[in-house]
Amino acid sequence: MLNIVGVASEPLARERLQGLRNCRTLPAQLRSEGAKSEMTYVVAEPCVNCRYTDCALVCPVEAFHLDDDMLVIHPETCIDCDACVPECPVEAIFAEDKVPAEWTHFTQVNADRALSGLPTITARLDPLCE
Ligand code: SF4
Ligand code: SF4
């Protein structure tokens with residue numbers, strides 16, 4: 001069976017962080033740290049029972065985790081780069097401070113689920129919706 005869920009190896013993670021440090025389009029602070037800002041991005045309601053997974057393909061730090069009905073973003077891995085937002089066909093991803101009021105509880109949903117040990121995802125899956 002095709003292995004579609006990947007866990008980043010340490011050398012791969014180091015290589016990607018080095019790539020981030022070299023990236024001229026990222027803010028200087030993120031380049032110098034190679035990672036983490038204080039904010040995170042959040043997957044909200046439109047992803048539930050849809051889960052196209054396009055977002056996971058572009059994340060430079062493998063912050064997406066796979067759950068049965070949606071993807072979630074690990075708040076400690078996300079570096080706030082914004083790359084995933086335009087990739088989502090149903091506009092389910094928001095910066096933490098821009099999550100619509102009716103979906104703000106998804107910030108905690110993302111954190112709880114990602115921290116529960118769900119596998120990371122870096123490849124495309126068939127979507128759950130049409
Ligand atoms: S692209 Fe959008 S709908 Fe698809 S998994 Fe990512 S957040 Fe969910
Ligand atoms: S904003 Fe999106 S693409 Fe960028 S690190 Fe966070 S989850 Fe990954």
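Predicted model: local features only at pLDDT ≥ 70, side-chain atom pairs only at ≥ 80, totals over all residues.
Visitor: What puts two residues in contact?

Guide: Two residues are in contact if their C-beta atoms, placed from the backbone, lie within 7 Å. Leaving aside residues up to four places away in sequence, Cys55 touches Phe64, Leu71, Cys84, Glu87, Cys88 and Ile93.

Visitor: How many helices and strands does the protein have, and in which pattern?

Guide: There are four helices and four strands. Along the sequence they run α-α-β-α-β-β-β-α.

Visitor: What can contacts say about the whole chain?

Guide: Look at how far apart the partners sit in sequence. Here, take contacts between residues at least 6 apart; 75% of them join residues at least 24 apart.

Visitor: Where do nonpolar side chains tend to be in soluble globular proteins?

Guide: They tend to be buried together. In this protein of 130 residues, 29% count as buried. The largest nonpolar core has 27 residues. Val43, Cys55, Phe64, Leu71 and Ile73 have the most contacts inside that core. At least two core residues come from each of β1 (41–43), α3 (54–58), β2 (64–66), β3 (71–73) and α4 (106–115).

Visitor: Which residues come nearest to ligand 1?

Guide: Cys47, Tyr52, Cys55, Cys88 and Ala92, out of 15 around ligand 1. So Cys55 has a place both in the core and by this ligand, given that residues count as near within 6 Å. By class, the shell of ligand 1 holds 11 nonpolar, one polar and three charged residues.

Visitor: And which residues are closest to ligand 2?

Guide: Cys59, Ala63, Cys78, Cys81 and Cys84 are the closest of the 13 residues that surround ligand 2. That shell has 11 nonpolar residues, two charged ones and no polar ones.

Definitions and conventions: Residues numbered from 1 in each chain as written. Chains lettered and ligands numbered in written order. Nonpolar A, V, L, I, M, F, W, Y, C, P; charged D, E, K, R; others polar. Buried ≥ 20, exposed ≤ 12 C-beta atoms within 10 Å, placed from the backbone. Core = buried A, V, L, I, M, F, W, Y, C linked by C-beta atoms within 7 Å.
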